[in-house]
Amino acid sequence: AASFTGLKPDIFQLLSTVEGDIPSYLFSAAVDGGTLTVEVTRAGGLVMNLFNSRTIGSPTLSAEDGVALARTYLEERGYADMQESYYLDQGNILTVNFAFRQGDVLCYPDLVKVSVALDNGRVVGFESQGYLMSHTVRDLPEAAVTLAQAQAKISPLLHQLSHQLVVIPTEGEHERLCWEFKCQTEEGQHYLIYLNAQTGQEERIL
């Protein structure tokens, strides 16, 4: 916990041991006027969750600044080949969702979330359980459905903003290689449409 946060080990107190899919230790420390809690896996000593409860002040940083700080934070802690997929600004805390990129394919199951306080740029939240549970180098098949074939299946009422190959999780702990299309309606609503890259069938709409 100290190594991950750059703090002194003696400020941390053990709160509890946690059972479950990934057994862990839960530590706390008084930092920046709040309580910092850090959950560390008992196997491997990896930080799975981090949260600082301090009050966040008025923002001095933009969302772009926050994304860049979150990306640097991951790189400095050994998370390579991670790409931001989207972010949310809630209460001046920017939470950036990153997924592992293998070649040209974005692997959504390998998810890490980094929350940056926009008042001073410090990280106040970190979640890596999705990454720890799912991350591996995958034997990915070639897409049997071409980009042009997949694009032709999208409703003409939607304006296609972008596209990419992705891996998404499914029920039953399986994964699917899909074409992801970010689309917009005439009214400005945004949709994510996932088409199976092997069959062309629609897998999901968000």
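Which residue takes a positive phi in the hairpin of strand 10 and strand 11? The structure is a predicted model, in which local features need pLDDT of at least 70 and side-chain atom pairs count only at pLDDT 80 or more, while totals for chains, interfaces and linings use all residues. Residues are numbered from 1 along each chain as its sequence is written, and side-chain values use heavy atoms, with hydrogens and water left out.

The residue in question is Gly188, whose phi is near 95°, in a hairpin with five residues between the strands. Strands here are DSSP runs (E, at least two residues), numbered from the N terminus. Strand 10 covers residues 174-184 and strand 11 covers residues 190-196; the two run antiparallel and are joined by seven bridges. Two strands count as paired if DSSP finds at least two bridges between them. Within this pair, Glu180 has Tyr194 of strand 11 as its bridge partner.

Strand 11 also pairs with strand 12 (residues 202-205), again antiparallel, through three bridges. Here Tyr194 stands opposite Arg204 of strand 12. Five residues separate strand 11 from strand 12 in their hairpin, and Gly200 in the turn has a positive phi of about 80°.

Val31 counts as buried because its relative accessibility is 13%, where buried means under 20% relative accessible area, computed with a 1.4 Å probe on protein chains only. Leaving aside residues up to four places away in sequence, Val31 touches Leu7, Ile11, Leu36 and Asn52; contact means heavy atoms within 4.5 Å. Asn52 is 21 residues from Val31 in sequence, and their C-alpha atoms are 7.7 Å apart in space.

Terms used: Helix = DSSP H or I, 4+ residues; strand = E, 2+ residues; numbered from the N terminus. Buried < 20%, exposed > 50% of the residue type's maximum accessible area, 1.4 Å probe, protein only.
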